[in-house]
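Open the model in your viewer and keep the selection panel at hand. The stops below go from one selection to the next.

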Amino acid sequence: MDCLNARAAELIPWMIEQGLHSSGRQELLNTFCEKLVELGLPLWRFHLAQRAFHPKFGGIGYNWTRSDGISHEHYERRETPRDAWLRSPFYMMLEQNLPDFRSDLTGESLARFPLLVELKGRGATDYFALTQRFTHDDIPIDPNEPAEGILASWSSDRPTGFSQEDTDLIRAVFPVLGLALKSMSNRQMASDLLQVYLGRDPGRRVLSGEFQRGSSTEIDAVIGLFDLKGFTGLAGQLPGPELIEMLNDYFGIAVAATQAHGGNILKFLGDGMLVMFNLGSIEQDAQAALAAAADLCRDISARNEERRALGLPVTDWTLALHAGHILYGNIGAENRLDFTVIGPTVNQTARIAGMHRSVGQNLIFSEVVRQAVSGKDHDMVSLGRYMLRGVNEPIELFTIYRPDGAMSALAPYAEEAAE
């Protein structure tokens with residue numbers, strides 16, 4: 001017991017310090033395993049899984065071996081769980097609400113768990129696993145959507161496996177490891193969720209402390225309004241699940257095109273979205289916005305061909321771009337804020353978006369955007385000068401002409417506009 005206390009007393013203060021100040025979970029776990037080996041634990045392999053609060057990934061796993069160090073992987077959410085998960089010790093522990101599990105890699109456990117067969121084949125002699133929940137409630141654990149917490153396993157290749165003192169040491173330090181990981185993961189979860197729901201840049205700003213009502217920054221940027229054409233009619237024809245699937249399909253393309261060129265998704269507006277390009281100069285912003293528009297046109301056209309081949313409903317899109325000064329910050333009530341953009345530039349972008357039907361084009365942008373790109377890599381076509389509601393002077397609007405048809409003045413709106 002004295003040996004256990006000495007080893008735990010050496011490791012626990014370091015773990016607490018890492019929980020308060022460490023730069024990341026992977027670094028913590030790598031050094032944690034190395035320190036266990038230094039303290040005499042016959043550790044050959046360590047594995048830890050933790051739930052992730054992310055729309056795409058259900059969890060993250062870390063794997064350490066004495067020879068290769070540490071690596072990690074994200075577990076994508078799946079409608080049907082992987083067979084390897086359903087036949088794992090971790091799944092069994094969650095399903096039966098077991099706090100621990102141990103196997104000497106013989107007998108029944110080998111027949112039940114393919115993972116243990118693999119570990120034995122690689123030289124393992126002992127397997128010890130623990131669970132640590134971060135919440136205490138009466139809700140039953142769903143092994144496919146576990147409660148917040150961690151699951152970890154330690155494997156040894158020593159002929160006699162882990163001693164009683166070894167497993168006692170693991171049990172003594174595991175809750176502290178859980179506390180350190182919870183401290184780190186809470187900030188990561190907050191960062192992930194804020195970026196998912198607010199956007200990459202607004203999420204980063206809010207997490208860094210920009211959440212006071214009225215706080216704002218004046219910046220120059222390109223503002224874009226993306227919209228799906230004819231979606232209101234489709235909403236009245238399609239069942240709800242099909243409508244959501246379709247909306248997510250097109251939004252996925254639009255978000256990918258925007259973010260690939262450094263843009264930020266500020267908010268979704270029904271069947272549209274408000275985007276911003278703020279890369280450092282109006283010239284960079286305009287180039288990025290038009291490059292994103294070109295990708296958008298190409299990718300939605302390709303996806304529409306795929307959807308038609310599958311017998312799925314299709315729709316078209318519009319995008320309006322304008323540039324200028326905007327106020328970027330927190331607006332709302334004391335207990336309900338929105339990190340958004342306001343100002344004449346935003347209002348004028350909305351007015352420009354209302355001109356798609358009149359000019360017969362998917363993509364339209366203002367003369368401010370045209371002047372910023374100076375014609376580089378784009379064959380720009382004037383659509384004329386227009387008076388927009390609430391704007392004192394007429395604004396000249398433009399689109400892109402591409403002879404290859406990827407984006408041209410003869411956009412799908414032209415036929416409708418002529419009716």
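Predicted model: local features only at pLDDT ≥ 70, side-chain atom pairs only at ≥ 80, totals over all residues.

Select Cys-33: its relative accessibility is 0%, so it counts as buried. Then take Cys-297, also buried, at 9%.

**The cores**

Next, select Phe-226, Leu-296, Leu-321, Leu-363 and Phe-365. These have the most contacts inside the largest nonpolar core, which has 41 residues. Now colour helix H11, residues 282-309. The helix supplies 10 residues, the largest share of this core. In soluble globular proteins, nonpolar side chains tend to be buried together.

Centre on Phe-365. What is it in contact with, leaving aside neighbours within four places in sequence? The list is Leu-290, Leu-321, Arg-370, Met-380, Glu-396, Leu-397, Phe-398, Thr-399 and Ile-400.

Then look for a second, separate core. It has 34 residues, including Ala-8, Leu-43, Phe-46 and Ile-150.

**Salt bridges on helix H11**

The structure holds 14 salt bridges. Select Arg-307 and Asp-249 for one of them; their closest N and O atoms are 2.8 Å apart. Arg-307 lies in helix H11 and Asp-249 in helix H10 (residues 240-260), so the pair ties together parts 58 residues apart in sequence. Are these two partners buried or exposed? Arg-307 is buried, at 0% relative accessible area. Asp-249 is buried too, at 16%.

Together with Asp-249 and Arg-307, they are linked in a network of salt bridges. Within it, Glu-306 and Arg-303 meet at 2.9 Å, N to O. They are three residues apart in helix H11, so about one helical turn separates them. Glu-306 is partly exposed at 42%, whereas Arg-303 is buried at 19%.

Move along helix H11 to Arg-298 and Asp-295. Their side chains form a salt bridge at 3.3 Å, N to O. Here too the residues are three apart, about one helical turn. Arg-298 is partly exposed at 47%; Asp-295 is buried at 16%.

**Out to the surface**

Show the surface and select Leu-327, Ile-331 and Ile-342. They form a nonpolar patch with about 220 Å² of accessible area together. Ile-331 sits in strand E10, residues 316-333, and is partly exposed at 37%.

Last stop: Arg-389, in the loop between strand E13 (380-386) and strand E14 (395-400). Arg-389 is exposed, at 63% relative accessible area.

Note on methods. Residues numbered from 1 in each chain as written. Heavy atoms only, no water. Core = buried A, V, L, I, M, F, W, Y, C linked by side-chain atoms within 4.5 Å. Buried < 20%, exposed > 50% of the residue type's maximum accessible area, 1.4 Å probe, protein only. Helix = DSSP H or I, 4+ residues; strand = E, 2+ residues; numbered from the N terminus. Contact = heavy atoms within 4.5 Å. Patch = residues over 30% accessible without salt bridge, like charges linked within 9 Å, V, L, I, M, F, W, Y side chains within 5 Å. Areas by Shrake-Rupley, 256 points an atom, 1.4 Å probe, with all protein chains shown as cover. Salt bridge = Lys/Arg side-chain N within 4 Å of Asp/Glu carboxyl O.
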